[in-house]
Each structure stands twice: as C-alpha cells, then as structure tokens.
Amino acid sequence: MTDLRFAWLEITGKCQLSCTHCYADSGPLGTEGVLRTSDWFRVIDHVAELGARSVQFIGGEPTLHPDLPSLVSHVLDAGVEVEVFSNLVHIGPRLWDAFSRPGVRLATSYYSDTAAQHEAITGRRGSHARTRANIAEALTRDIPLRAGVIDVSSSDSIGRQRTRAAQAELASLGVSSVGVDRLRGVGRGANASPAPDQLCGRCGHGAVAISPTGEVWPCVFARWISLGNILDTDLGTILSTVRVASLAASPAAAGRSCWPQGGGSCAPNDDPPRS
C-alpha cells in the first residue's frame, strides 16, 4: 500500500455495552490488549509518516482507555485529524476538553428513537438517554459529530427496528450527518464464519486497521485477514511488502464503504453514502 490516507486504531476491546451485533465482539469483559500507550504513540507517528490524513480511535469503547486524551493530543501534534467513534455513554470533563480541540471529530451509533428498542440492542439500561444527552452536549460544544444508524432488524428480539424514526430524531437534535448501514456478518453479527461478501470490496486501498494486540488488518471488518503485527515488524514494512488482493464484494455491498465505522474513508471522494 502506497496511498495510506486513513487508519483505524482499535485501542481497547473493553466496552460498557454488549451490543448484539458488535463486529469487534467487545463488551465489559474485553481487555486493552497488549499495546502500551508508548506503542500507540509509535503507531501514530508511523501512520503520519506514511501519509495518513486522519485516524479514528475505536474499540471496544475508546473512551475507556485511560490515555485517550494523550493519544488524541499525539495525533494532533503529528498534524493529523482525529475522529473518536464512541457510544457516548459516559464522557467526563477531561474527555470533553480533548474532544473540543480543533481537528477532533466524534462519531456514534444510534439504533432507535425508543429507549426500549435501543437498549435491547446495546444490552444496557439507560444507554439510550445517556447517548442522546451526550450527542446534544457535543453539539452544544460545537464538536463536529456524525451518527450511524445500524439496521439490525434481522434480530427477532427487537421487533421492527425504527431506523427512520432514529434518523429523524438525530436530525431534530441537530446532527447533520446521519447514515444507515446494514448488519455486518462479523463478530457477534456473524451466523457463520465471516466472508468477503460482508465487505465493500475496497480493503487494502488507502486504509488500514490496527488491533489492541498489534495485528494489522486491511479493514476493521476484515478481522480474519492479518497482514502482520507491529510488535514484530514496523508498519511501513508491513504495508510495503504485503500485497492485499482485492476482495470480492456481494452485489449489496459493492460500491458502498464500510460506513459508519469507516467514516466514508473507503468511499469514492471520501464521501459517506446516503441512505
């Protein structure tokens, strides 16, 4: 890969929620892996040197990493923009200060305009009200924020998912960028082994993902494809020596990016798809 523009940095496998469809299979029992903060600093330096214009901190829930503010600062100091993909369940003053800095964006997932349906998906009571309140707080602070409504309505336990109502509610709150994504058959969303038809078909083009254990993937959804480990080989060497074949995509996925997780970084012209 010679055109690196974007990197997902999965800094923890911990999460307060236990979402039924979680592609990372994260939850309260997840761990921060083996990478130390100093390792992540090194990764950030490398992706900046390789030309990345933006990174996204994900998890798990990235706000549970104790050094997230320092990691955000390190990205900004490297001249790279940063997005934090958070469930926005709990954001303390220190994190609000970090998120309010120029060059920082937030992204979140939202499932329904009703608490009962949203929480049937997240597995935690009170998560709907907390996320909704923190969306409003972020907008009050003029922090750029986008939201993704993930359609997991194949689950019989939640009934017909109110995705359109969720979009309307987000718009009423003032969220100007709202997208819809399908359920991906990865992690807890998989009924069987993951397959390339769950991907957009552009893996390995301009984007890379790094896990809490140092594994390098061509995409956060292509978690079964390891290109190497940054604890064994530096990222530049991995990207310059490993060739990633174009992955076949299903007709439903072809031409679509891995949005909302990817922020449209894999999409043509970096634009997120419209619902």
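Before anything else, a definition: helices (H or I, at least four residues) and strands (E, at least two) are DSSP runs, numbered from the N terminus. I'm working with a predicted model, where local features need pLDDT of at least 70 and side-chain atom pairs count only at pLDDT 80 or more, while totals for chains, interfaces and linings use all residues. Residues are numbered from 1 along each chain as its sequence is written, and side-chain values use heavy atoms, with hydrogens and water left out.

**Entry: T122**
I found T122 in helix α4 (residues 115–122). Is T122 buried or exposed? For that I need the cut-offs: buried is under 20% relative accessible area, exposed is over 50%, and partly exposed is in between (1.4 Å probe, protein chains only). T122 comes out at 1%, so I put it down as buried. Contact means heavy atoms within 4.5 Å. Skipping residues up to four places away in sequence, T122 touches L17, S18, C19, Y111 and S127.

**Entry: S177**
Next I looked up S177, which sits in strand β6 (residues 177–182). S177 has a relative accessible area of 17%, so it counts as buried. G148 is 29 residues away along the chain, yet the two C-alpha atoms are separated by 8.4 Å.

**Entry: helix α2 and the core**
A nonpolar core is a set of buried Ala, Val, Leu, Ile, Met, Phe, Trp, Tyr and Cys residues joined through side-chain atoms within 4.5 Å. The largest one here has 71 residues, and L9, F57, F99, L106 and I210 have the most contacts inside it. Helix α2 (residues 68–77) gives the most to this core, with five residues.

Which residues of α2 are buried? I noted L68, P69, L71, V72, V75 and L76. After α2 comes G79, with a positive phi near 80°.

**Entry: I210**
Leaving aside neighbours within four places in sequence, I210 is in contact with W8, L9, E10, L35, W40, V43, E215, V216, I230 and L235.
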